[in-house]
Amino acid sequence: MNDTQVLEVLLAMVGVIITVGIAMYVITAIAYWQIFKKAGEKGWKALIPVYNSYIIYKISWKTSMFWIVLILGVVYAVLSGINASAQSGVLSFLAYAVYIVVLVIGIIALHKLSKAFGHGAGFTVG
């Protein structure tokens, strides 16, 4: 492969990634719009990326959990970035521990969201 072909393949891969990302955003926005309407919030709030997560936490749990998840996400990113250059086992462990905490909080928030609409654990898993 010459340089032009490599560039074409890379550009095609970037195009696919961007297309999938936009499709996922649209699907999420449509789902959030419906959730927000059902919860009595304005649907346009589903279109703003971080604000829509804030509203989901407002509906399902409490907004303080949103801020905790946001801060833990930043902590995870910083730890991962430092670990990438330092290659430290301790930093890697801390990064994964923070990631697991965020994941568990996210699952609990989804369960609380499903309970807010009268559904159970099966709906959360689905």
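**Reading helix contacts**

Me: Which residues in α2 meet which residues in α3?

Reply: Val 50, Ser 53, Tyr 54, Tyr 57 and Lys 58 of α2 meet Thr 63, Met 65, Phe 66, Trp 67 and Val 69 of α3 (contact means heavy atoms within 4.5 Å). By class, this contact of α2 with α3 has 7 nonpolar, 2 polar and 1 charged residues (Ala, Val, Leu, Ile, Met, Phe, Trp, Tyr, Cys and Pro count as nonpolar, Asp, Glu, Lys and Arg as charged, the others, Gly among them, as polar). Keep in mind that this is a predicted model, where local features need pLDDT of at least 70, side-chain atom pairs count only at 80 or more, and totals for chains, interfaces and linings use all residues. Residues are numbered from 1 along each chain as its sequence is written, and side-chain values use heavy atoms, with hydrogens and water left out.

Me: What is the mean confidence of the chain, and where is it lowest and highest?

Reply: The chain averages a pLDDT of 91, with 100% of the residues at 70 or above (pLDDT is the predictor's confidence in each residue, from 0 to 100).

Me: How many helices and strands does the chain have?

Reply: There are 5 helices and 0 strands (DSSP runs numbered from the N terminus: helices are H or I, at least four residues; strands are E, at least two). The C-alpha atoms of the chain fill a box of roughly 55 × 40 × 25 Å along the principal axes.

Me: At what angle do α2 and α3 cross?

Reply: Two packed helices are described by the angle and the distance between their axes. The axes of α2 (residues 49-60) and α3 (residues 63-86) come within 7 Å and cross at roughly 135° (axes are lines fitted to C-alpha atoms, for helices over the stretch in contact; angles run from 0 to 180 degrees between N-to-C directions). α2 and α3 are therefore oblique to each other (under 35 degrees is roughly parallel, over 145 roughly antiparallel, 65 to 115 roughly perpendicular, the rest oblique).

Me: And how do α3 and α4 run relative to each other?

Reply: The axes of α3 and α4 (residues 89-116) come within 9 Å and cross at roughly 155°, so this pair is roughly antiparallel. Among the residues meeting here are Leu 72, Tyr 76 and Leu 79 in α3, and Leu 94, Val 98 and Val 102 in α4. The contact of α3 with α4 splits into 17 nonpolar, 4 polar and no charged residues.
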